[in-house]
Amino acid sequence: MSSIAERLVRGGYAAVFRSVFANMDPERAHHLAFAVIRVLPKVPIVSGLVERYSRPSALDGVTTMGIHFPSRFGLAAGFDKDAKGIAGLGVLGFGHVEVGTITAKAQPGNERPRLFRLIPDRALINRMGFNNHGAASAARRLERARRNPGRPVIGVNIGKSRVVDVADAIDDYLESTRRLAPFADYLAVNVSSPNTPGLRGLQELDQLRPLLSAVHEAAGRVPVLVKIAPDLDDEQIDAIAGLAVSLGLSGVIANNTTIARSGLSMPAAEVEAIGAGGLSGAPVAARSLEVLRRVRAAVPADFCVIAVGGVTSEQDVQDRIDAGATLVQGYTAFLYEGPTWATRINRLRSRRLRRAGR
């Protein structure tokens, strides 16, 4: 896509966002956009043209966990909860797509409304509650997605089913692992969402150790990572990072959404009226970078660390790589920046790497 065409698409999306999406229920807007993404690979002329310009530069590829990633930048879990849009998201330029969070049992999630925009802050608050159709349903789609030769790397994020007691969490995660690991390039164990009662308690080492050990064993050769919360203190971050290394896991994802509400420009009364949920987007950037640096300092140099939280620009991607990230993910900015977001990041990264003589 030429720079002129790219600016036109970006400007058009900005106009549509202001006039349409900003006045629409956020979840409905997401479903409309997602429907277009799903259709994209089924229109070969259009998808071929888009993919030609969105494709990451080979200079940005990296091999980690025994997997070659075509670029450092990918899409975080939360956007494609049921593994329905992998091909289309790959066409848009994401080098990897982490689907989910998927639970062993199908579940509707929390009551609506459960997704809220904080437009002045370029942020979201969500309390979706792992709404998805369950591991068995996702496994069938993942099996088909893996057969696509041009697909992005596929990560699968798994979490605890809401109806399952915390005491029975291991068996629940194992059910998801056994169904999904055969079709995943890597598995991410989500113990850090604030929207499932009791889930964050699984980050306590006495509960986390047996859970990660069991999932790691059941996954076989499939790399396993653990996704942590930004609300942990330094001692907890160090402990979980050390545990991941000692158990032979392949990496840590730093980090999930936050329950904090500091530093927002949106009026406090409006934020309070939204209620509970995880905050993501630009306001999380500084804390996510702190957590990333803490994790990187606690693990070996070749240990995979995926940075996520507040990533909007190519410079944000580079800042996280400079801070020790192996891979970088984004999500919230996708809603604000539009369909050319990954393309712009890929093109800017290509220019940066060429200038650096890579």
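Predicted model: local features only at pLDDT ≥ 70, side-chain atom pairs only at ≥ 80, totals over all residues.
Trainee: OK, and which helix is Thr-332 found in?

Mentor: Helix H12, which covers residues 332–337.

Trainee: What does the side chain of Thr-332 make a polar contact with?

Mentor: With the side chain of Ser-280, at 2.6 Å. Leaving out residues up to four places away in sequence, Thr-332 touches Ser-280, Gly-281, Arg-122, Ala-123 and Leu-124.

Trainee: Switching to the sheet: what's the strand order?

Mentor: The order is S5-S6-S11, in an open sheet of three strands with antiparallel pairing. S5 (115–118) and S11 (278–281) are the edge strands with a single partner strand each, so one side of each has no neighbour in the sheet. On average, neighbouring strands here are turned by 25° against each other, ignoring direction.

Trainee: How many bridges join S6 to S11?

Mentor: Four, with S6 being residues 123–126. As one example, Ile-125 has Leu-279 in S11 as its bridge partner.

Trainee: New topic, the largest nonpolar core. Which residues touch the most other members?

Mentor: Phe-94, Val-156, Tyr-173, Val-295 and Phe-334, out of 99 residues in that core.

Trainee: And what is Tyr-173 in contact with?

Mentor: Setting aside neighbours within four places in sequence, its contacts include Ile-158, Val-189, Val-191, Leu-199, Leu-202, Leu-211 and Val-215. Lys-160 and Asn-190 are also among them.

Trainee: How many residues are in the second, separate core?

Mentor: That one has 10 residues, including Phe-116, Leu-264, Val-271 and Ile-274.

Notes
Residues numbered from 1 in each chain as written. Heavy atoms only, no water. Pairing = 2+ DSSP bridges. Helix = DSSP H or I, 4+ residues; strand = E, 2+ residues; numbered from the N terminus. Axes fitted to C-alpha atoms, helices over the stretch in contact; angles between N-to-C directions. Core = buried A, V, L, I, M, F, W, Y, C linked by side-chain atoms within 4.5 Å. Buried < 20%, exposed > 50% of the residue type's maximum accessible area, 1.4 Å probe, protein only. Contact = heavy atoms within 4.5 Å. Polar contact = N/O pair within 3.5 Å; in protein donor to acceptor, adjacent residues only side chain to side chain.
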